[in-house]
Amino acid sequence: MTKFIKLFLAVILLAGCSEKNDKSNLTVLTEGGEVSYTVEEAKTVPELEKGLMFRESLASDAGMIFDLSKVEHTAMWMKNTKIPLDMIFIDGDGTISWIYENAQPESLTLIIPPFPAYAVLEVNAGDVKKHGIKTGDIIKHEFFAREKAEPAESRNADEAVEAPADEPRSADEVQVPAEEANAPDDEPKNTMTE
């Protein structure tokens, strides 16, 4: 029985250390064209916390995308990360809002964007410069497609103010409830990863 327990624990340990198999395609649309990556997705709390820690290398066309859509604050770091990385911070519509280049391995310095991020893409250091990736470029990935696909009827009717399709509305015509108009802006998102 003891041998069985040791074998079982060894299998669990190996499974926990192995790379994830759920990979997806991601494309960065730049002025110079398209850059394609095969990315691992970090969506759960353990995946977000581990990120690319303990990896010895990362393929040239690989990366990891962190889904921060349900995370309150955004902050990245390089603890236990052995690969220098470029970090690309992305808005909910797939637009790159901020870039941090050449994050140093093993650094405990927090990398905090000036704006809340919906997602972060980590790629090999130097990729941003090599491919001419910059703020304002667009990321095409399933994380952002789901935001656009949300049906209008699933949103709260009290929160939505819709103009008739044939009449554009100016900002002066849109009324915001008093409690929303005086509410403070959402705080930036942070998650401790890597």
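This is a predicted model: local features need pLDDT of at least 70, side-chain atom pairs count only at pLDDT 80 or more; totals for chains, interfaces and linings use all residues.

Biologist: Is Glu 41 buried or exposed?

Modeller: Glu 41 is buried, because its relative accessible area is 4%, and the cut-off for buried is under 20%.

Biologist: And what about Lys 43, buried or partly exposed?

Modeller: Lys 43 is partly exposed, at 39% relative accessible area.

Biologist: How many salt bridges does the structure hold?

Modeller: Five. One of them joins the side chains of Glu 40 and Arg 55, at 2.9 Å from N to O. Glu 40 sits in strand 2, while Arg 55 is in the loop between helix 2 (45–50) and strand 3 (62–67), so this pair ties together parts 15 residues apart in sequence.

Biologist: Are Glu 40 and Arg 55 buried or exposed?

Modeller: Both are buried.

Biologist: Which residues are linked in a network of salt bridges?

Modeller: Glu 31, Lys 134 and Asp 137. Lys 134 is partly exposed, with 33% relative accessibility. Asp 137 is buried, with 4%.

Biologist: Asp 137 again, then. Which residues does Gly 94 contact, leaving aside its neighbours within four places in sequence?

Modeller: Asp 137, Ile 138, Ile 139 and Phe 144. Gly 94 lies in the loop between strand 5 (85–90) and strand 6 (96–103). Its C-alpha is 5.5 Å from that of Ile 138, although the two residues are 44 apart in sequence.

Biologist: Why does Gly 94 count as buried?

Modeller: Because its relative accessibility is 0%.

Biologist: Let's switch to the strands. How do strand 1 and strand 2 run?

Modeller: Antiparallel. Eight bridges join strand 1 (residues 23–30) to strand 2 (residues 33–42). A hairpin connects them through two residues. Thr 30 has Gly 33 in strand 2 as its bridge partner.

Biologist: How many bridges join strand 1 to strand 8?

Modeller: Three, and those strands also run antiparallel. Strand 8 covers residues 138–140. There, Ile 139 stands opposite Val 28. Ile 139 is also one of the contacts of Gly 94.

Biologist: What about strand 7, how many of its residues are buried?

Modeller: Six of the six, so strand 7 (residues 119–124) is largely enclosed by the rest of the structure.

Biologist: How does strand 7 pair with strand 3 and with strand 5?

Modeller: Strand 3 pairs with strand 7 in the antiparallel sense, over five bridges. Gly 63 has Val 123 as its partner there. Strand 5 also pairs with strand 7 in the antiparallel sense, over six bridges. On that side, Leu 85 stands opposite Asn 124.

Biologist: Now the rings. How many aromatic pairs does a search of the whole structure find?

Modeller: Three. One of them is Phe 89 with Trp 98, a tilted pair: 5.1 Å centre to centre, with 55° between the planes. Phe 89 is buried, at 0% relative accessibility. Trp 98 is partly exposed, with a relative accessible area of 23%.

Modeller: Tyr 118 and Phe 144 form another tilted pair, with 5.9 Å between centres and 45° between planes. Tyr 118 is in the loop between strand 6 and strand 7, and Phe 144 is in helix 4 (residues 142–148), so the pair ties together parts 26 residues apart in sequence. Tyr 118 and Phe 144 are buried.

Biologist: Which residues form one aromatic cluster?

Modeller: Phe 89, Trp 98 and Tyr 100.

Biologist: Last topic, the whole chain. How many helices and strands does the chain have?

Modeller: Five helices and nine strands. Of its 194 residues, 35% count as buried.

Biologist: What share of the contacts comes from residues 24 or more positions apart?

Modeller: They account for 72% of the contacts with a separation of 6 or more.

Biologist: And what does the accessible surface come to?

Modeller: About 12100 Å², with 54% belonging to carbon and sulfur atoms.

Key:
Residues are numbered from 1 along each chain as its sequence is written. Side-chain values use heavy atoms; hydrogens and water are left out. Two strands pair if DSSP finds at least two bridges between them. Helices (H or I, at least four residues) and strands (E, at least two) are DSSP runs, numbered from the N terminus. Buried means under 20% relative accessible area, exposed over 50%, partly exposed in between (1.4 Å probe, protein chains only). Contact means heavy atoms within 4.5 Å. A salt bridge is a side-chain nitrogen of Lys or Arg within 4 Å of a carboxyl oxygen of Asp or Glu. Accessible areas come from the Shrake-Rupley method with a 1.4 Å probe; for residues, only the protein chains shown count as cover. Rings of Phe, Tyr and Trp (its six-membered ring) pair if their centres lie within 6.5 Å; planes under 30 degrees apart count as stacked, over 60 as edge-to-face and the rest as tilted.
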